[in-house]
Amino acid sequence: MKRALGSFAASLPRDTRDTLFLLAVIGWVVFMQIGHIPWWCTALTAGVLVWRGVLTLRGRPLPGWRWRIGLLALTLVATWLTHRTLLGRDAGVTLIVVLLALKTLELRARRDAFVVFFLGFFTLLTHFFYSQSLLTAAGILIALLGLLTALVNAHMPVGRPPLAQAARIAAGMAALGAPIMLVAFMLFPRLSPLWGVPGDGMEGRSGLSGKMRVGQIAELVLDDRVAFRVRFDTAAPPQRDLYFRGPVLTDFDGVEWRPLRSAFPPHMELQADLAVAGEPIRYEVTMEPHQRPWVFLLEAANQAPELPGMRAFMTPELQWFTRRPMTELVRYRAEAYTQFRHGPLEPALALQDQIQLPAGFNPRTLELAQQLRREHGTGPASSAALIRAALERLRTGGYTYTLDPGVYGQHTADEFWFDRREGFCEHIASSFVILMRALDIPARIVTGYQGGELNGVDGYWTVRQRDAHAWAEVWLQGQGWVRVDPTSAVAPGRTGSLDRLRAPQGAIASAIGSIDPGTAQRLREVWEAINNGWNQWVLNYTQGKQLDLLKHIGFESPSWTDLAYVLIGVVVLVSLAGAGWTLWERQQHDPWLRLLARSRQRLQGLGLHDSAHLTPRELARWTRERLGDTEFSRSLSAWLLRLEAQRYAPHSPDTLTALQAEFRKLAWPKKDPR
């Protein structure tokens, strides 16, 4: 295959070969954007590139300006209909991708090629608008080397240089630029992204939202993406205790759970009243961007996490927020206490918000609550017994945990408790909380992440979107809010290490796993450790790390001024090193040519101003004609002839060192003898 492609490329004229190579590179640049541009943009761009390739192979003329204007107008209309604007990130990327393809339709001269090159470089930058992952960086590196190869090839207009030669030169240029890139990365001030916030693509997937609509997702689509990674300073808690708290949902309209909007005045609302005990668990979180202002912390945290450049605050529901959404990778340190209590210990009027139920929903669940009251009593003293009875019903009543429960109707709790008896965490937690409220026990839903898996390569716990979970909190007199996870009663393995959710695997991963599951798991851990290293050392290289770098090199209290001084100093040192290398390179030129250049320079002082094109023999003849028959002219002429012989004669006895010594001994006149 490789030999056939090489033979095919060798049979093509150089212009055809170079154009097809450039189109292939542009195709790769566009291919990486397929997931972020509209389908029509992909189809139009692919059609234009294929059309341009066919015209090149057949030697046909390029289309006229009417075609290009028509396609541009079509692009503008389609972009407006798709994005409702021609500005912004998504619309701008769509336009630049199509313009890059359309520019190839007027690729006639080197000037047009250079425009295409730099449009390609600009399009490469747009990939970072959507992802800064290791795979994205690798794809961009391939495209960068391809564009550099095409650019170098365009600067080699004579003959038919092989593309491999241009690729070697391009790779060398990239290698030479790598140290400069590294210095700029480490010392250039970190700036916030200048583009818009990416849209939230979490709907219909196992992730978190600010609300929970019960029973409207017919099949839970597992999302294997990483939500965040955790590294504990000491031994990690048991997996069943890893509850990372997120949004707390209190208001229920019969279908959807939302955060609390209390009608009580602020001074009457419930407070956190958090009290912790025991030794704290200290850990570090590397959180992926999730476009929300939520900070996920292990329950329970009484101190704000150390967020770079941001401040976090806690709500009365123990949820932590920042002032702006998390649009980029962030790493923060925090500590948690597994022994804690929170909320009021005695009844409070604001607890009425936690027992509200909409009228006309789930009548059979209300009847079940009446039955449980008759069996176990009423009032605060019986709350614990009622909770145990509900959990025992979940354990022994034939309830199952499934990711495909079907679509629930209007009375979601009734269907769960009496009809379907199956569901996943949102069905179980919602039905449990509705039953608790029907029993006049204050209750609410807490969402977040539960569990995770330990990566044996780098020691990080990986928490994925499929680890998103919903559990309940009930209020008990004298204890405050108490966590109750009804899912554990239905499927204990879901919150332990025995039966974690697994996302559907691709064909390659499935094939490897069927042959050797251990190998598949190890390969996955190695890849995730590499990707985590990329996140830790590259994406999470923050402003604070820059200042820490200055501390390591001797600055006691580094500031941005010190960073600027260091950056300027490095630039000056690199410039001086480059100048020194240039001077050294000049000295490494052919010493014979340097000696000839010195003789020409001296002859210019004697009146030979146009000597750059003359050979040593012609210079000798000019010397005799100009200076006459003098001892100096005879010595200089003989020296020039020996210099030429040393260069071209096969067995010249004169060495270059001897000629250099003779040159210094020549008695050069101080000025033109005339």
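Colleague: Which residue forms a salt bridge with R333, and how far apart are the closest N and O atoms?

Modeller: A salt bridge here is a side-chain nitrogen of Lys or Arg within 4 Å of a carboxyl oxygen of Asp or Glu. R333 has D233 as its partner, with the closest N and O atoms 2.4 Å apart. This pair links distant parts of the chain: R333 is in strand β12 (residues 330-336), while D233 is in the loop between β2 (226-232) and β3 (243-249), 100 residues apart. Helices (H or I, at least four residues) and strands (E, at least two) are DSSP runs, numbered from the N terminus.

Colleague: Thanks! Before we go on, what kind of model is this?

Modeller: It is a predicted model, where local features need pLDDT of at least 70, side-chain atom pairs count only at pLDDT 80 or more, and totals for chains, interfaces and linings use all residues. Residues are numbered from 1 along each chain as its sequence is written, and side-chain values use heavy atoms, with hydrogens and water left out.

Colleague: How many salt bridges does the structure hold?

Modeller: There are 24 salt bridges in the structure. Let us take another one: the side chains of R483 and E299 meet at 2.6 Å, N to O. Because R483 lies in strand β20 (residues 480-484) and E299 in the loop between β9 (297-298) and β10 (312-314), the pair ties together parts that are 184 residues apart in sequence. R483 is partly exposed at 30% relative accessible area, whereas E299 is buried at 5%.

Colleague: What is the salt-bridge partner of E473?

Modeller: E473 pairs with R444, and their closest N and O atoms are 3.0 Å apart. E473 is buried, with 2% relative accessibility, and R444 is buried with a relative accessible area of 2%. Salt bridges that share partners join R245, E299, R444, E473 and R483 into one network.

Colleague: Which residues have a positive phi although they are not glycine?

Modeller: L318 is one of them, with a phi of about 70°. L318 lies in the loop between β10 and β11 (320-322) and counts as buried, at 7% relative accessibility. D440 is another example, with phi near 65°. D440 sits in the loop between α12 and β16, and D440 is exposed, with a relative accessible area of 52%.

Colleague: Now for helices. At what angle do α20 and α21 pack?

Modeller: Two packed helices are described by the angle between their axes and the distance between the axes. Axes are lines fitted to C-alpha atoms, for helices over the stretch in contact, and angles run from 0 to 180 degrees between N-to-C directions. For α20 (residues 631-648) and α21 (residues 656-665), the angle is about 160° and the axes are 11 Å apart.

Colleague: What do we call that arrangement of α20 and α21?

Modeller: Angles under 35 degrees count as roughly parallel, over 145 as roughly antiparallel, 65 to 115 as roughly perpendicular and the rest as oblique. α20 and α21 are therefore roughly antiparallel to each other.

Colleague: One last topic is distance. How far apart are C425 and A468 in sequence and in space?

Modeller: C425 and A468 are 43 residues apart in sequence and 9.2 Å apart in space, C-alpha to C-alpha. C425 is placed in helix α12 (residues 425-438), and C425 counts as buried, at 10% relative accessibility.

Methods: Buried means under 20% relative accessible area, exposed over 50%, partly exposed in between (1.4 Å probe, protein chains only).
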